[in-house]
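Please consult the sequence and the structure while reading.

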Amino acid sequence: MLTKKQRELLLYIRDHLTRTGVSPSFDEMKDALELKSKSGIHRLITALEERGFIRRLAHRARAVEILRLPEDLGPVPQQQEHDALNHKSNPLLNKNIEAANQSSDETVQLPLYGKIAAGTPIEALSDPANYVDVPLNLLGNGDHYALTVEGDSMIEAGILDGDTVLIKRCDTVENGQIGVAFVDNAEATLKHVRRQSGKIELEPANAAYETKTYEAGRVQVQGKLVGLLRTYN
């Protein structure tokens with residue numbers, strides 16, 4: 001059972017796909033449903049995805065695919081078939097589709113998992129509550145997510161309190177690289193990661209903080225730093 005807003009959004013995505021061949025942007029969805037912010041759209045999209053109605057494709061801003069519809073709404077639109085028809089019959093619409101796809105490649109929406117300590121480790125946040133738009137050229141291949149930095153222990157590496165760090169998911173980093181370390185299956189922190197004789201050192205980039213050393217089995221690497229976003233007030 002879908003809520004009224006979930007159903008409205010699913011209908012809008014279906015109609016937009018049928019009309020243009022591409023899924024709508026989050027701004028277009030927000031305006032269509034007359035919501036005040038994109039956070040409401042994120043929640044609706046997440047709910048539809050959890051219920052198996054849609055799927056978000058990784059590393060594309062306009063990448064919402066309909067998997068199924070309620071029985072009373074008819075068949076799922078076939079985007080690829082629709083695109084092929086437009087290539088033949090409507091050159092102007094085809095140009096608009098290509099422009100939309102090109103612009104979608106310029107940014108991606110990464111899940112913003114919350115705050116990670118750049119000082120003392122804090123409880124890890126595993127459920128995405130928000131998303132952040134990231135220039136595609138800041139990312140390479142692989143799966144990525146974003147975290148908000150809290151604390152000052154990495155300031156000598158140019159990472160400040162309130163920065164948004166971009167993390168590539170991986171389970172290992174080269175010695176000395178900055179990574180997300182998950183300690184004792186409970187706490188996460190952002191530090192230089194170094195391996196020494198069966199132990200792992202989590203080294204800050206601030207002389208006011210000490211390096212902490214753990215048995216290797218107590219630390220799980222959950223990603224490495226690949227980029228950073230900063231806003232100025």
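The sections below treat the basis of the model, a helix and its salt bridges, and a further salt bridge between strands.

## Basis of the model

This is a predicted model, in which local features need pLDDT of at least 70, side-chain atom pairs count only at pLDDT 80 or more, and totals for chains, interfaces and linings use all residues. Residues are numbered from 1 along each chain as its sequence is written, and side-chain values use heavy atoms, with hydrogens and water left out.

## Helix H1

Helices (H or I, at least four residues) and strands (E, at least two) are DSSP runs, numbered from the N terminus. After H1 comes glycine 21, with a positive phi near 85°.

Buried residues (under 20% relative accessible area; exposed is over 50%, partly exposed in between; 1.4 Å probe, protein chains only) in H1 include Leu9, Leu10, Ile13 and Leu17.

## Salt bridges

The structure holds 10 salt bridges, each a side-chain nitrogen of Lys or Arg within 4 Å of a carboxyl oxygen of Asp or Glu. Within H1, glutamate 8 and lysine 5 lie three residues apart, about one turn of the helix; their closest N and O atoms are 3.5 Å apart. Arginine 14, buried at 19%, pairs with aspartate 15 at 3.1 Å, N to O.

Lysine 115 and glutamate 150 form another salt bridge, at 3.6 Å between the closest N and O atoms. This pair links distant parts of the chain, strand S3 (residues 107-117) and strand S6 (residues 144-150).
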